[in-house]
Amino acid sequence: MTRVAKHRDATSRAGLNRARARWRRAAWTVLAAAVLWWILAGLDALLEPLALLAVLLAGAASLVLPSGRPLGVRIRAIPGLIGYFLRASFLGGIDIARRALDPKLPIAPDFIEYRADLPHGPPLTLFMAVLSLLPGTLSVRLEGRLLTVHVLDRHGQPEVALRELERRIHAAFEDPRRRKEGGT
């Protein structure tokens, strides 16, 4: 076999593998959309023509749209992140209730700026979403990695809680910047 024929054969196999991966991703998308629809609306609603069309369009969209970067998630860190979120939500809720019931209403709302070290994409998006779900904080704006956060009490050292949340999210995701540098 000549060198050109070998190269053409390798290129053809790579293209075939990419096509298979796209179709596999589309099948998983259809399955995930159907299961989600079934959980949210029930089996009868899933069998409606518009629901079936929506599920099939979700699969077609995954064929057409670019796949993006693979997301490196460290499964071992997820329980710690969930535990932190539940504990912080519970304790934050108690703190908010205590402040609301106090006749002096001890709050000092303010906007603070926080520079996150998380990579853009799912880690930073998750950081902002979890931050907004925690009582007493709300992510307002993101410019680069500079985040503007509304806090209920500026005297309560919100930066400490932000650093802890960021550390846990950082542990849950592989950082593509470090992978490029030859790190983890």
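This is a predicted model: local features need pLDDT of at least 70, side-chain atom pairs count only at pLDDT 80 or more; totals for chains, interfaces and linings use all residues.

Me: Okay. How much space lies in the largest pocket?

Reply: About 550 Å³. The lining has 23 residues, and the closest to the pocket's centre are Pro 135, Thr 137, Gly 156, Pro 158 and Ala 161.

Me: Which helix gives the most to that lining?

Reply: That's H4, with eight residues. Helix H4 covers 78-101, and helix H6, at 158-172, also supplies at least two lining residues.

Me: And how do the lining residues divide into nonpolar, polar and charged?

Reply: There are 14 nonpolar ones, five polar ones and four charged ones.

Me: Let's stay with H4. What should its span be, and how far apart are its ends?

Reply: H4 has 24 residues, and at 1.5 Å a residue they should span 34 Å.

Me: Nice. Which residues in H4 are buried?

Reply: Leu 81, Tyr 84, Ala 88, Gly 92 and Arg 99 are buried.

Me: What covers them?

Reply: The cover includes helix H5, residues 122-133, and also H6.

Me: Switching to strands. What does E3 pair with?

Reply: Strand E1 (residues 110-115) is joined to E3 (residues 146-151) by six bridges, and the two run antiparallel. In that pair, Arg 115 stands opposite Leu 146. Strand E2, residues 137-143, also pairs with E3 in the antiparallel sense, over six bridges. There, Ser 139 stands opposite Val 149 in E3.

Me: How many residues sit between E2 and E3?

Reply: Two, and the strands form a hairpin. Gly 144 is in the turn, with a positive phi of about 70 degrees.

Me: Last topic: His 150. Where does it lie?

Reply: His 150 lies in strand E3.

Me: Why does His 150 count as partly exposed?

Reply: Its relative accessible area is 25%. Buried means under 20% and exposed means over 50%, so His 150 falls in between.

Me: What does His 150 touch?

Reply: Leaving out residues up to four places away in sequence, His 150 touches Pro 109, Asp 110, Phe 111, Gly 136, Thr 137, Leu 138 and Val 140.

Me: And how far is His 150 from Ser 139?

Reply: They are 11 residues apart in sequence, and 6.3 Å apart in space, going C-alpha to C-alpha.

Technical notes: Residues are numbered from 1 along each chain as its sequence is written. Side-chain values use heavy atoms; hydrogens and water are left out. On a 1 Å grid over the protein atoms alone, a cavity is a set of points where a 1.4 Å probe fits but cannot get out, and a pocket is an open set with protein on both sides within 12 Å along at least five of seven lines; lining residues have an atom within 4 Å of a point. Grid points are joined across faces, edges and corners, and a volume is the space filled by probe spheres set on the points. Helices (H or I, at least four residues) and strands (E, at least two) are DSSP runs, numbered from the N terminus. Ala, Val, Leu, Ile, Met, Phe, Trp, Tyr, Cys and Pro count as nonpolar, Asp, Glu, Lys and Arg as charged, and the others, Gly among them, as polar. The expected span of a helix is 1.5 Å times one less than its number of residues. Buried means under 20% relative accessible area, exposed over 50%, partly exposed in between (1.4 Å probe, protein chains only). Contact means heavy atoms within 4.5 Å. Two strands pair if DSSP finds at least two bridges between them.
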